[in-house]
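Welcome! Take a moment to look over the sequence and the 3D view before reading on.

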Amino acid sequence: MFRMPSGVRHAEVAGGGLAGLTVATALAQRGWSVRVHERGRELREIGAGIFMWENALRALEQTGAYEEATHRAERINSWKLYDERQRLIQDDWMKSDDVRLYLVLRTDLHRALANAAQRAGVEIVTSSLVAGASPDGELYLESGESHKADLIIGADGVGSPVRNSLGLDRVVRDLEDGCSRHLIPRMPQDPVNNALEYWNGGRRVGICPVTPDMVYVYTCCPASDLAGREKPLNKESWSKSFPTLRHVFDRIPDVSRWASFSDVRTHSWVKGRVALVGDAASAMSPNLGQAACLAMTNGYALGMMLDGAVDVPTALRGWEARQRPVTDATQKYSRLYGRVGTRWPRPLTDVRSALIWAAGKSRPWQARVNVAAHEGAELIGKLAK
């Protein structure tokens with residue numbers, strides 16, 4: 001049975017992913033005793049590349065994970081979008097001079113956050129399956145054990161047992177589209193410091209340098225596109241849609257996993273001494289590159305806003321009131337991006353191109369769509385002072 005040193009507040013965290021490790025580190029750095037419960041037999045991350053916008057980079061800097069996470073990452077200076085006619089319809093997508101964007105290997109990012117958590121004194125328990133929680137601060141495990149704490153964090157993903165046990169789930173929905181993610185060897189003709197995205201009907205392909213020797217490729221399509229979601233990737237089908245990218249598809253290994261996108265909306269992120277972060281609170285499609293960034297930003301902000309707070313439930317409500325509007329707005333625009341990119345009627349694709357081109361010329365629109373990068377970074381900067 002865990003015993004807290006006198007005067008030290010204790011947190012139990014369900015989930016050892018990006019959100020869980022970030023919030024655990026933020027709390028431990030502020031004197032909390034923290035234990036993380038990871039379902040897997042080891043702490044590890046699968047996947048390929050991941051975009052880290054300014055808000056997430058600020059969180060990485062504050063946790064001490066920045067250097068390790070980005071040591072071989074690629075800085076992205078431009079995000080270009082091409083349509084079916086190979087016309088450039090968007091350049092510098094959501095970019096501005098005061099916003100950094102890096103493409104990082106997911107494994108590098110997760111390892112860096114895990115190391116930062118352990119340096120801060122976080123205890124990480126693997127093969128620990130969480131069953132739920134109570135509002136008064138008790139975490140229940142599938143083994144029958146339970147743990148009392150001053151704070152419970154549900155960072156346990158789209159299917160969150162913590163969220164479901166408290167009746168906080170409002171909408172948990174498969175968006176009926178998704179993507180396969182791949183890492184391929186980097187060649188001289190591949191982009192440098194640029195992310196390229198190509199559209200054809202409901203299919204999208206991203207080609208993004210992620211390390212000096214690897215390129216991250218994503219192939220997105222509706223769930224109804226059976227050829228598009230084949231495993232391994234149907235290279236002939238994708239080459240037919242994007243003939244100029246055959247040299248990219250030919251480098252994709254014959255091992256792939258198509259993952260669907262989900263949307264999670266909750267009645268609240270908070271109930272008593274329990275808070276939800278990451279996919280458990282606000283899963284969204286990765287169309288804007290902010291799903292993980294917001295999970296980390298919200299997690300770190302939670303630790304900062306609890307620093308010195310006497311009343312944990314009140315502090316949690318204040319945290320949700322401050323963080324949720326930006327997250328909700330980003331989730332809404334991510335859904336919109338997915339509908340435009342995946343479900344737009346094929347006879348009207350020229351209209352789509354014109355709309356995207358016009359949106360790219362509107363700085364106010366761009367600022368609204370990427371509000372998370374600006375406001376999230378600003379919040380962490382203010383709270384860190």
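This is a predicted model: local features need pLDDT of at least 70, side-chain atom pairs count only at pLDDT 80 or more; totals for chains, interfaces and linings use all residues.

Residues are numbered from 1 along each chain as its sequence is written, and side-chain values use heavy atoms, with hydrogens and water left out.

- Helices (H or I, at least four residues) and strands (E, at least two) are DSSP runs, numbered from the N terminus.
- Five of the five residues of strand 2 (residues 33-37) are buried, so the rest of the structure largely encloses this strand; buried means under 20% relative accessible area with a 1.4 Å probe, protein chains only.
- Ser 33, Arg 35 and His 37 point one way from strand 2, while Val 34 and Val 36 point the other way.
- In a regular strand, side chains alternate between the two faces of the sheet.

**Strand partners**
- Strand 1 (residues 10-14) runs parallel to strand 2, joined by five bridges; two strands pair if DSSP finds at least two bridges between them.
- His 10 has Ser 33 in strand 2 as its bridge partner.
- Strand 8 (residues 123-125) also pairs with strand 2 in the parallel sense, over three bridges, and Ile 124 in strand 8 stands opposite Val 36.

**Two packed helices**
- Helix 9 (residues 291-306) and helix 10 (residues 312-343) pack at an angle of about 155°, with their axes 10 Å apart; axes are lines fitted to C-alpha atoms over the stretch in contact (heavy atoms within 4.5 Å), and angles run from 0 to 180 degrees between N-to-C directions.
- Helix 9 and helix 10 are therefore roughly antiparallel, a term for angles over 145 degrees.
- Residues of helix 9 including Leu 294 and Ala 301 meet residues of helix 10, among them Trp 319 and Val 326.

Technical notes: Buried means under 20% relative accessible area, exposed over 50%, partly exposed in between (1.4 Å probe, protein chains only). Angles under 35 degrees count as roughly parallel, over 145 as roughly antiparallel, 65 to 115 as roughly perpendicular and the rest as oblique.
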